[in-house]
Amino acid sequence: LDEVFRYNKVIDNKYITLPSIRSESAEGWKSIAHQLTEVGKKCADNGFIFSYHNHYHEFEKYDSKMAYEILVDNTDSKYVKLQPDIGWVSYAGQDVNEFLKKYSNRISTIHVKQFVKQGSEEATEVHKGLVYYPPIIKSCMDLGIEWFIIEQEGFSIPILESIKINCDELKKMF
């Protein structure tokens, strides 16, 4: 973790994010949550904001609660923020606007990801596919979200063309 702190100080980045973790039980998710709080405390002590980035598996239920809820309920909001990946939230069948309202006080940054359609992990550009982003981006801006991270993991067109389209489309939403 000290090496992560040194690197992020050099690049002047205040956000440190855990990109994903898994467990197969509610108790496992609770244990992870406590560990995340400890890491978050260390990050805060060193001037960083620590966040957790979701995928779809955090919306699986364990003992009638989603793993995401277990994580949020068992982490200290002072030390563990959230970096929702909107594409995965939608992919998991969650109502994105309700999700943003529910966790608004914990969100630090968001990932703007787009899938071609429900049930498909085929990626596409921001303005196409499953998620209609303009009202989501507005809601996030109203919440004071500072970073909108475009994440695309597959390309049906040349990568630089896709990047340009994504940036242009996101700019239109501001």
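1. Helices (H or I, at least four residues) and strands (E, at least two) are DSSP runs, numbered from the N terminus. The model is predicted: local features need pLDDT of at least 70 and side-chain atom pairs count only at pLDDT 80 or more, while totals for chains, interfaces and linings use all residues. Residues are numbered from 1 along each chain as its sequence is written, and side-chain values use heavy atoms, with hydrogens and water left out.

2. An open sheet is built from three strands in the order β1-β2-β5, with parallel pairing; two strands pair if DSSP finds at least two bridges between them. Its edge strands, β1 (15-18) and β5 (81-83), each pair on one side only. On average, neighbouring strands in this sheet are turned by 40 degrees against each other, direction ignored. For such angles, axes are lines fitted to C-alpha atoms, for helices over the stretch in contact, and angles run from 0 to 180 degrees between N-to-C directions.

3. Between β1 and β2 (residues 49-53) there are four bridges, and L18 stands opposite Y52 in β2. Helix α2 (residues 26-45) lies across β1 and β2, at about 150 degrees to β2. Contact here means heavy atoms within 4.5 Å.

4. How many cavities of 30 Å³ or more does a search of the whole structure find? The search finds one. On a 1 Å grid over the protein atoms alone, a cavity is a set of points where a 1.4 Å probe fits but cannot get out; lining residues have an atom within 4 Å of a point. The volume of the largest cavity, about 40 Å³, is the space filled by probe spheres set on the points.

5. The lining of the largest cavity includes L36, Y52, L82 and R106. Helix α3 (residues 67-73) gives the largest share of this lining, three residues. By class, the lining has seven nonpolar, one polar and one charged residues; Ala, Val, Leu, Ile, Met, Phe, Trp, Tyr, Cys and Pro count as nonpolar, Asp, Glu, Lys and Arg as charged, and the others, Gly among them, as polar.

6. V72 lies in helix α3 and is one of the lining residues. V72 counts as buried because its relative accessibility is 12%, and buried means under 20% relative accessible area (1.4 Å probe, protein chains only). Leaving aside residues up to four places away in sequence, V72 touches L82, Y103 and R106.

7. In strand β6 (residues 109-112), T109 and H111 point one way and I110 and V112 the other, and all are buried. β6 pairs with β7 (residues 147-150) in the parallel sense over four bridges, and V112 has I150 as its bridge partner.

Note on methods: On a 1 Å grid over the protein atoms alone, a cavity is a set of points where a 1.4 Å probe fits but cannot get out, and a pocket is an open set with protein on both sides within 12 Å along at least five of seven lines; lining residues have an atom within 4 Å of a point. Buried means under 20% relative accessible area, exposed over 50%, partly exposed in between (1.4 Å probe, protein chains only).
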